Amino acid sequence: MPKVATTLSDLQVRRLKEDGVYFVGGVVGLALRIKNFQKTFFFRYTSPVTKTRREITIGSYSVCSLKRAREQAAEYRMQISEGIDPLLLREETLQKQREEAVRQERAAITVSKLADLFIQYKDTFSDWSVKDRDLFFSRLGRYILPIIGKRVISEVTPQQIAEVLQPLWLQHRAVAAKTRQMLRQMFSWAKAKDYFDGANPVDPQVLQHLLPKRIIQEPRHHAMLAVSEMPRFMKALMQYEGIAARCLQFAILTATRSGNAREALWEEINWDKKQWIIPAEKMKASANGDHIVPLSDQALELIRSVQTQGYSSYIFPSPMGNGKLSDAALKVVIRALHMQALEKGEKGFVDPKQKTKNELPAVATPHGLARATFRTWAQDDELGNDKRFSASIAELCLHHKIDDAYNGAYERNQALKSRAEMMQAWADYCLTEI
């Protein structure tokens, strides 16, 4: 049986000055602690749950009167009689309050706020490139936020996602797919972070029933040049200054994709064998292995000419730094040469068979110039190779898989001698007007 303390009056409590613990009476276990002139009421008790001695703070004497302290202590004593530990109850109550505050805060998260949180996460824990980050911001600002930016994420529906995607779905399917992927990643991340507990509204299986059916269009090929136009183009290209022009020239002479030319490294050049060895992982058809490109005399002369233009691991570095050129840089060169030709009253550099969506002649592309025109020249052009080379050799030059009776033999030795002869003949033809 705990000792019953003398019941102190409020005046007596006020007069207490010395540091120490004073049981003030009125309720068993109610006490006042004085330390450094600070007076605090607390309640000392034996927990009915843990059977240990515990104490719980009631409040400072400056804001909690003796009467209020006794009322609170009496309430605690009542809880103990019912088998409840006051301190555990307080902790559970505070935890529920914190959880409720978090729930209310998360319940108010909008798509715009979610995007901010997701970007912070990506900036901190992801290695996304500057290009990917810029594209994220562009699509977010242009397509997503204007429509659902103010929507609370827990209330976003598949119908609203479809509203975002619908303007892009038919005419810009690739952009629509990327935007859908962005949204799906954001909502998946939000669900993982417990920002909402509903189903992800970006569900392709649901969206397919909410978006218009796509009309299948004929595949569009990369605009090329007529083979007879290549020497004229190359003459104009060689007179055009800039590292992007030299990169495009190299891509054409080697019949490679513009991405491979832009990413070409000095370490990939075998000067002794006159070869450019592109690692398999850089190739579109990586399963075909490394791509060995025999370098013509003109291609070798070209890369030697850029060796003295500053140091970079890239053969054709961006003028903005030592990184690689952008794909747009090569397209800008072609467009500029096309416009120069028109201003001179000459024929522009367009595909003789392909039109744009507006039914205008399609200006040649880097891929069309370097690969499609080469393949046409290699196949049956009487002005070019005069059918001296087989289709299989041309396909190997393009790093394509070939399916004929000689497939195995070609893959074993890669027909390097014939390919070298073909690439030299192609370079000679391209530069016939030089």
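Trainee: Is Y311 buried or exposed?
Mentor: Y311 is exposed, at a relative accessible area of 71%. Bear in mind that this is a predicted model.

Trainee: Where does Y311 sit?
Mentor: In the loop that runs between α12 (297-305) and α13.

Trainee: And how far is Y311 from N322 in space?
Mentor: Their C-alpha atoms are 7.8 Å apart, and the two residues are eleven places apart in sequence.

Trainee: Let's step back. How many helices and strands does the chain have?
Mentor: The chain has 17 helices and nine strands. Its radius of gyration is 38 Å, well over the 22 Å that the globule rule gives for 434 residues, so the chain is more spread out than a compact globule.

Trainee: What does the C-alpha trace span along its principal axes?
Mentor: About 120 × 50 × 50 Å.

Trainee: What share of the residues is buried?
Mentor: Buried residues account for 42% of the 434 in the chain.

Trainee: Of the contacts between residues at least 6 apart in sequence, what share joins residues at least 24 apart?
Mentor: That share is 58%.

Trainee: Now single residues. Where is D85?
Mentor: D85 lies in the loop between α2 (66-81) and α3 (86-107).

Trainee: Why does D85 count as buried?
Mentor: Because its relative accessibility is 3%, and the cut-off for buried is under 20%.

Trainee: What does the D85 side chain make a polar contact with?
Mentor: With the side chain of S47, at 2.5 Å. Leaving aside neighbours within four places in sequence, D85 is in contact with Y45, S47, P48, V49 and R54.

Trainee: What is the phi of K51?
Mentor: Near 60°, which is a positive value in a residue other than glycine. H399 is another non-glycine residue with a positive phi, about 65°.

Trainee: Is H399 buried or exposed?
Mentor: H399 counts as buried, at 7% relative accessibility. Its place is the loop between α15 (391-397) and α16 (407-413).

Trainee: Switching to another Asp. Where is D327?
Mentor: D327 is in helix α13, which covers residues 327-343. With a relative accessible area of 27%, D327 is partly exposed.

Trainee: Which side chain does D327 make a polar contact with?
Mentor: That of K331, at 3.4 Å.

Trainee: Which helix is E421 in?
Mentor: Helix α17, residues 416-430. E421 counts as partly exposed, with 43% relative accessibility.

Trainee: How far apart are the C-alpha atoms of E421 and L295?
Mentor: They are separated by 9.8 Å, although the residues are 126 apart along the chain.

Trainee: Last one. How far is F125 from L300 in space?
Mentor: F125 and L300 are 43 Å apart, C-alpha to C-alpha, and 175 residues apart in sequence. F125 is found in helix α4, residues 111-125.

Trainee: And is F125 buried or exposed?
Mentor: F125 is exposed, with a relative accessible area of 65%.

Conventions: Residues are numbered from 1 along each chain as its sequence is written. This is a predicted model: local features need pLDDT of at least 70, side-chain atom pairs count only at pLDDT 80 or more; totals for chains, interfaces and linings use all residues. Side-chain values use heavy atoms; hydrogens and water are left out. Helices (H or I, at least four residues) and strands (E, at least two) are DSSP runs, numbered from the N terminus. The radius of gyration is taken over C-alpha atoms; the globule rule is 2.2 Å times the number of residues to the power 0.38. Buried means under 20% relative accessible area, exposed over 50%, partly exposed in between (1.4 Å probe, protein chains only). Contact means heavy atoms within 4.5 Å. A polar contact is a pair of N or O atoms within 3.5 Å; within protein, one must be able to donate a hydrogen and the other to accept it, and residues adjacent in sequence count only if both atoms are side-chain atoms.
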